Amino acid sequence: MGLLAGAAVLCATGVAMAEPTTGRPVFDQVSNMFQPVSVPAAKIRDLALLVLAICGGIFVVVGGLIAYTLIRFRARPGDEHREPPQVYGSSNIEAAWTIVPVIIVVVLFLATARTINELELKEPPESALQVTVVGHRWWWEFQYPEYGIVTANELHVPASTPDAPRPTFLWLESVDVAHSFWVPRLAGKTDVIPNRRNTLWLETAQPGLYLGQCAEYCGTQHAHMLLRVYVHTPEDFARWVEEQKAPEAEVASVAAGRDLFQRTACINCHAASGTVADGTFGPSLSHLMSRETIGAGVAMNTPDNLRAWIRDPQTMKPGVRMPDMKLADHEVDAIVDYLVTLR
Ligand code: CUA
């Protein structure tokens, strides 16, 4: 039943798109676990439908018997003076209400065990992409050891086709509290626990944007710990990797902003390639402008929103770890002018 409640919650969330006036994300695409596009998500949907069908059958039988009994044996005039026939013990009825539930539980158990086995025992093939996912309060870090790429909040993976299978295997880790990684159309919800590595895989042939979010309460901004997974064709994915690996182009006209960025406390928490910044508490800013959102999905990544964010992150995302840096307006502008060159 947890599945159902979760599905109802996820039906209410959707894709973050730019809203013309405020640039705040609005939700207009359903992220529905009953519309899977990935192998593990499809297996989970099938299991959920089986459980739903069995539970629905039980509901109909039990509800029907109750309704029948209420109507058939309702009080009638003259009933006050006589008792209905009393039944003491019935081996048949007792056998039925013992054996039938046992069979139902065994069927549910076996079906669930089979799905769990298929999902958890899958070994990564040679061709698999491995990504380390690190949960932070309140954002996601994605590391691609194979390519030396580190990015945040927006996970890019290749599509996997029958002639070129390339599933993605995620290693889930947390640096602080328990989080949970859930992109309903791609894979089942998996907890992200400190001092432990959980794994999760996804495999889809369908390029697109799939949405999810942290599914374990992790503090004030749990609701703004959104996930975006971009599935690319193999060629597009290779292009994305090359762009992420490329060094940032040094733009002479924003040298002032870059210097200011390097002189402020920004660099204690953020990394940016080509600068002295190598902090890891906050998301890496390398290739920042290749991301569609900031603040783990709290707003679209526009220069105006970047400016508002740096001026006072607590207004956009109350409780976020990033403090107000108390920069003057011209300093904020200079830093944003620099940041928007990080492509
Ligand atoms: Cu992270 Cu909820």
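**Entry 1: the second largest pocket.** I sorted the lining of the second largest pocket by class and found 23 nonpolar, 6 polar and 5 charged residues. I note that the model is predicted. The space in this pocket comes to about 710 Å³. Its lining has 34 residues, and those nearest the centre are His 270, Gly 282, Pro 283, Trp 309 and Met 322. I then looked up which elements contribute: H6 (266-269), S13 (293-294), H7 (303-311) and H9 (329-339) each give at least two residues. Helix H7 gives the most, with 3 residues. Domain 1 (129-245) and domain 2 (252-339) each supply at least three residues of this lining.

**Entry 2: the largest pocket.** I recorded about 950 Å³ of space for the largest pocket. Of its 37 lining residues, Ile 44, Leu 119, Glu 120, Lys 189 and Thr 190 are the closest to the centre. The elements that each supply at least two lining residues include H1 (2-11), H2 and H3. By class, I listed 21 nonpolar, 9 polar and 7 charged residues in this lining.

**Entry 3: helices H2 and H3.** I examined H2 (residues 39-72) and H3 (residues 91-120), whose axes come within 10 Å and cross at roughly 170°. The two helices are therefore roughly antiparallel. Their contact has 12 nonpolar, 2 polar and 2 charged residues. Among the residues that meet are Leu 47 and Ile 54 in H2, and Val 107 and Leu 108 in H3.

**Entry 4: the cavity.** I searched the whole structure and found 1 cavity of 30 Å³ or more. The largest cavity holds about 50 Å³ of space. Its lining includes Glu 248, Arg 258 and Tyr 338, and divides into 3 nonpolar, 3 polar and 3 charged residues.

Terms used: Residues are numbered from 1 along each chain as its sequence is written. This is a predicted model: local features need pLDDT of at least 70, side-chain atom pairs count only at pLDDT 80 or more; totals for chains, interfaces and linings use all residues. Side-chain values use heavy atoms; hydrogens and water are left out. On a 1 Å grid over the protein atoms alone, a cavity is a set of points where a 1.4 Å probe fits but cannot get out, and a pocket is an open set with protein on both sides within 12 Å along at least five of seven lines; lining residues have an atom within 4 Å of a point. Grid points are joined across faces, edges and corners, and a volume is the space filled by probe spheres set on the points. Ala, Val, Leu, Ile, Met, Phe, Trp, Tyr, Cys and Pro count as nonpolar, Asp, Glu, Lys and Arg as charged, and the others, Gly among them, as polar. Axes are lines fitted to C-alpha atoms, for helices over the stretch in contact, and angles run from 0 to 180 degrees between N-to-C directions. Helices (H or I, at least four residues) and strands (E, at least two) are DSSP runs, numbered from the N terminus. Angles under 35 degrees count as roughly parallel, over 145 as roughly antiparallel, 65 to 115 as roughly perpendicular and the rest as oblique. Contact means heavy atoms within 4.5 Å. Domain bounds come from an automatic or database domain assignment.
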